[in-house]
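This report describes a protein model in plain terms. Please look at the sequence and the structure below before reading on.

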Amino acid sequence: IEAHKHQFWYTPEPEKQNISDSLLIETMLNYGTLDDIRELLVVLSPRRVADVFFSASERQIKNYYPEVRHFFTLVLRKYASGNTE
C-alpha cells in the first residue's frame, strides 16, 4: 500500500495500514498498471485475489468497471484454478 499510496489519496494516512484486501484488490484491478497487478498477485497470491474477487457482494462487484470485471473474471478463473495452459 505504501508504494501505491497515490491510489488511496482519499484515505487518511493513519488509516492506510488498515485497508482491507477487498479495497486493495478493487483499487489495483480498476486503476493499477499491469506491473501493479503482477505485484498484487505475488503479494496476495492469485488464489487470494480470486477468493476476494469472486466473493464480492453485489454492491461491491458494481465498484469494478464492467471491462475490468469481465477481464479479471476470465483471468482469475484460469489462473486461480491452477490451469495455466
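## Overall make-up

The protein chain has five helices and zero strands. Helices (H or I, at least four residues) and strands (E, at least two) are DSSP runs, numbered from the N terminus. Along the sequence, the pattern is therefore written α-α-α-α-α. The chain holds 85 residues, of which 35% count as buried; buried means under 20% relative accessible area, exposed means over 50%, and partly exposed lies in between (1.4 Å probe, protein chains only). Among contacts (heavy atoms within 4.5 Å) between residues at least 6 apart in sequence, 44% join residues at least 24 apart.

This is a predicted model, in which local features need pLDDT of at least 70 and side-chain atom pairs count only at pLDDT 80 or more, while totals for chains, interfaces and linings use all residues. Residues are numbered from 1 along each chain as its sequence is written, and side-chain values use heavy atoms, with hydrogens and water left out.

## Helices α1 and α2

Two packed helices are described by the angle between their axes and the distance between the axes. Axes are lines fitted to C-alpha atoms, for helices over the stretch in contact, and angles run from 0 to 180 degrees between N-to-C directions. For α1 and α2 the angle is about 155° and the axes are 9 Å apart. That makes α1 roughly antiparallel to α2. The cut-offs are: under 35 degrees roughly parallel, over 145 roughly antiparallel, 65 to 115 roughly perpendicular, and the rest oblique.

The crossing of α1 and α2 is left-handed, a term used if the near helix is turned anticlockwise from the far one by less than a right angle (clockwise is right-handed). On the α1 side the contact is made by D21, L24, I25, M28 and L29, and on the α2 side by D36, I37, L40 and L44. These residues divide into seven nonpolar, no polar and two charged. Here Ala, Val, Leu, Ile, Met, Phe, Trp, Tyr, Cys and Pro count as nonpolar, Asp, Glu, Lys and Arg as charged, and the others, Gly among them, as polar.

## Helices α2 and α3

The axes of α2 and α3 come within 6 Å and cross at roughly 100°. That makes α2 roughly perpendicular to α3. From α2, residues L40, L41 and L44 make the contact, and from α3, residues P46, R48 and V49. By class, five are nonpolar, none is polar and one is charged.

## Helices α3 and α5

Helix α3 covers residues 46-54 and helix α5 covers residues 66-80; the two pack at an angle of about 135°, with axes 9 Å apart. That makes α3 oblique to α5. Their crossing is left-handed. Helix α3 contributes P46, R47, V49, A50, F53 and F54, and α5 contributes R69, F72, T73, L76, R77, Y79 and A80. The contact of α3 with α5 has nine nonpolar, one polar and three charged residues.

Is L76 buried or exposed? L76, which lies in helix α5, is buried, with a relative accessible area of 3%. From C-alpha to C-alpha, L76 is 9.2 Å from D51, although the two are 25 residues apart in sequence.

## Salt bridges

How many salt bridges does a search of the whole structure find? The search finds three, where a salt bridge is a side-chain nitrogen of Lys or Arg within 4 Å of a carboxyl oxygen of Asp or Glu. One joins R48 and D21, at 3.0 Å from N to O. R48 lies in helix α3 and D21 in helix α1 (residues 21-31), so the pair ties together parts that are 27 residues apart in sequence. R48 is partly exposed at 36% relative accessible area, and D21 is partly exposed at 27%.

Another salt bridge links R38 and D35, with the closest N and O atoms 3.2 Å apart. Both residues lie in helix α2 (residues 34-44), three residues apart, about one turn of the helix. R38 is partly exposed at 49%, whereas D35 counts as exposed at 54%. R47 and D51 also form a salt bridge, with a closest N to O distance of 3.2 Å. This pair lies in helix α3, four residues apart, about one turn of the helix. R47 is partly exposed at 43%, and D51 is partly exposed at 37%.
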